[in-house]
Amino acid sequence: MNQTYAVTAVTVVVLATVLIGALGLRISRTTSDFYVASRTVQPGLNAAAISGEYLSAASFLGIAGLVLLQGPDMLWYPVGYTAGYLVLLILVAAPLRRSGAYTLSDFAEARLESIAVRRLASLFVVGIGWLYLLPQLQGAGLTLEILTGSPGWAGSLVVALVVTGAVAAGGMRSITFVQAFQYWLKLTALFVPALFLAVAWFGDGTPRAAFDAPAVFREHTSVRIDETVRIDLDAPITLTVDGKLDGASYEKERVDLDAGTHRVERGTEISFPAGTRVPQTQERTGTSNWSSPLSDDRDEYRLYATYGLILATFLGTMGLPHVAVRFYTSPNGRAARRTTLVVLGLVGAFYLLPPVYGALGRIYAPELALTGDADAAVLVLPERLIGGVGGDLLGALLAGGAFAAFLSTASGLTLAVAGVLHQDVLPGRGVRHFRIAALLAMAAPFGVSLIATNVPVADAVGLAFAVSASSFCPLLVLGIWWRRLTPPGAVAGLVTGGGAALTAVLATRTGLPSAGWAHTLLAWPAVWSVPLGFLTMITVSLLTPSRIPAGTAATLARLHLPEDFSERRRADHAGRELRAADKRAVHDGERQEARQASRARQAREAREAREAREAGER
């Protein structure tokens with residue numbers, strides 16, 4: 001890929017983001033502008049902004065990478081991402097807007113009248129936000145590294161600086177325009193190259209005739225194996241190996257391998273001569289067997305893993321901090337529902353495109369499965385299929401779209417985390433303190449991104465969904481639809497369900513355990529952690545009926561009654577009070593007139609008595 005074109009595209013995206021975000025300096029004045037754009041964002045604009053921030057690096061790069069690794073069976077993955085908005089539409093969108101809250105922490109405190117629940121909710125908002133921010137920063141680093149050869153931290157630094165500046169400049173009002181612009185940019189960046197790639201594929205009959213055949217290295221290529229794999233060779237081959245192969249250690253030695261299966265240990269570097277067919281890996285490539293019955297082998301737990309990811313994406317969407325906060329910007333509950341419907345259409349249209357890149361990647365860039373860089377398939381395909389100036393221009397467009405994905409999602413997450421830090425951590429409440437909170441919201445995940453490397457983008461986002469589904473999904477569903485929820489129940493459910501999922505995430509990231517059912521249960525925790533969260537909240541709430549908040553009935557009425565009905569009710573109440581005041585005024589006036597008449601009569605009688613006494617004295 002021509003670095004000049006790619007860097008120019010990324011620079012244009014960054015400058016556009018900065019310029020649009022700078023509008024916030026002119027149109028954002030109040031704290032409400034920074035938090036929820038003063039609740040004036042209309043459904044069309046809001047839906048584009050939600051889609052812009054929701055379609056993250058996992059969507060732009062990760063979905064294609066999954067299809068490249070595991071084949072068309074992974075097409076259900078984007079379905080789970082999209083279907084989550086159905087649950088949000090039916091159960092959460094309108095009541096969440098009617099709550100009048102600024103953040104999920106505000107909602108928790110208003111519903112349960114508990115500072116403890118609020119603080120715990122704030123902790124999970126920050127944890128989920130940072131867990132979701134990490135892959136955005138790492139994806140940006142990967143993209144810039146592929147484009148320019150710069151170190152991985154460079155892309156992360158660019159995203160961190162641009163996002164922090166945009167959020168601090170104008171808050172929600174300016175970020176809304178930024179994210180709406182970035183959604184349409186991402187859609188265009190995937191759609192236009194996909195057309196040219198499809199035409200190039202139709203013009204090349206050989207790969208299409210042997211869809212699952214391994215590709216051929218076009219030039220001498222050195223591949224570093226990031227995870228231990230087994231490779232299948234269909235013919236003898238001579239390779240240069242630096243590391244461990246089939247249990248033996250080599251130091252840049254030429255090794256003759258027979259046809260068959262060979263085990264390559266993690267960290268080994270293999271050099272393939274030009275013209276060598278790319279070997280297939282048993283664990284990573286080929287059609288996935290996720291629908292097979294469960295067995296004792298770790299890689300055969302596909303069915304459980306699939307259900308875990310489906311449940312996490314289906315129920316985790318409603319609890320993502322950067323998604324929930326956008327519904328607070330709608331003028332009313334009806335607008336929030338309409339926004340969700342438009343989001344379903346926009347997100348669904350976008351998810352038609354990444355699988356195309358994954359399928360083409362299996363044909364033209366299968367060696368990415370060996371290197372562990374499957375997420376880069378979207379970026380390298382234009383050069384592989386088209387080449388020349390056309391391939392460079394299409395690659396630059398994709399690079400700009402990928403960077404827009406990192407910027408838009410990171411903006412929403414930073415804004416959501418900054419809102420919580422501003423309200424619950426920093427002592428001040430002004431705009432200046434909000435900007436400090438934005439800086440803190442980005443600093444922590446950026447620091448972690450410099451240490452934690454080689455985390456698959458889609459996997460990291462899936463873990464964030466699992467934590468969200470296990471914590472905020474029970475809190476929102478029960479808080480909105482069950483009047484017997486109590487603060488102790490909410491605390492217990494958040495700690496048990498969300499805490500268990502978060503612990504599983506951390507254990508998985510540290511590599512403990514490394515195999516077996518224990519690893520499977522921790523790697524995809526939503527299957528058991530979501531029911532655990534619901535069950536704990538319900539059980540503890542039933543055991544503490546005396547702790548039901550006093551204002552529960554009024555709060556639930558506000559969440560479920562349409563705004564126009566509530567306004568009519570408030571207007572009727574105000575009218576009754578005015579009429580009563582008028583009656584009191586009339587009554588008070590009559591009493592005042594009676595008192596004045598009585599005083600006049602008493603004065604007249606006193607004057608007549610005084611005149612009578614004077615006459616008697618004369």
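**Asking why: helices and buried residues**

Reader: Where does Val-10 lie?

Author: Val-10 lies in helix 1, residues 3-22; helices are DSSP runs of H or I with at least four residues, strands are runs of E with at least two, and both are numbered from the N terminus. This is a predicted model, in which local features need pLDDT of at least 70 and side-chain atom pairs count only at pLDDT 80 or more, while totals for chains, interfaces and linings use all residues. Residues are numbered from 1 along each chain as its sequence is written, and side-chain values use heavy atoms, with hydrogens and water left out.

Reader: Why is Val-10 called buried?

Author: Buried means under 20% relative accessible area, exposed means over 50%, and partly exposed is in between (1.4 Å probe, protein chains only). Val-10 has a relative accessible area of 6%, so it is buried.

Reader: Which residues does Val-10 touch, not counting those up to four places away in sequence?

Author: They are Leu-147, Ala-399 and Phe-403, where contact means heavy atoms within 4.5 Å. Val-10 and Gly-401 are 391 residues apart in sequence, and their C-alpha atoms are 8.3 Å apart in space.

Reader: What makes Asp-106 count as buried?

Author: Asp-106, in helix 7 (residues 104-112), has 12% relative accessibility, and therefore counts as buried.

Reader: With which side chain does the side chain of Asp-106 make a polar contact?

Author: With that of Gln-423, at 3.3 Å. A polar contact is a pair of N or O atoms within 3.5 Å; within protein, one must be able to donate a hydrogen and the other to accept it, and residues adjacent in sequence count only if both atoms are side-chain atoms. Leaving aside neighbours within four places in sequence, Asp-106 is also in contact with Ala-101 and Arg-118.

Reader: How do the axes of helix 4 and helix 9 cross?

Author: The axes of helix 4 (residues 43-54) and helix 9 (residues 152-202) come within 7 Å and cross at roughly 70 degrees. Helix 4 is therefore roughly perpendicular to helix 9: angles of 65 to 115 degrees count as roughly perpendicular, under 35 as roughly parallel, over 145 as roughly antiparallel, and the rest as oblique. Axes are lines fitted to C-alpha atoms, for helices over the stretch in contact, with angles from 0 to 180 degrees between N-to-C directions.

Reader: Which residues meet there?

Author: Among them are Leu-45 and Ala-48 in helix 4, and Phe-177 and Trp-184 in helix 9.
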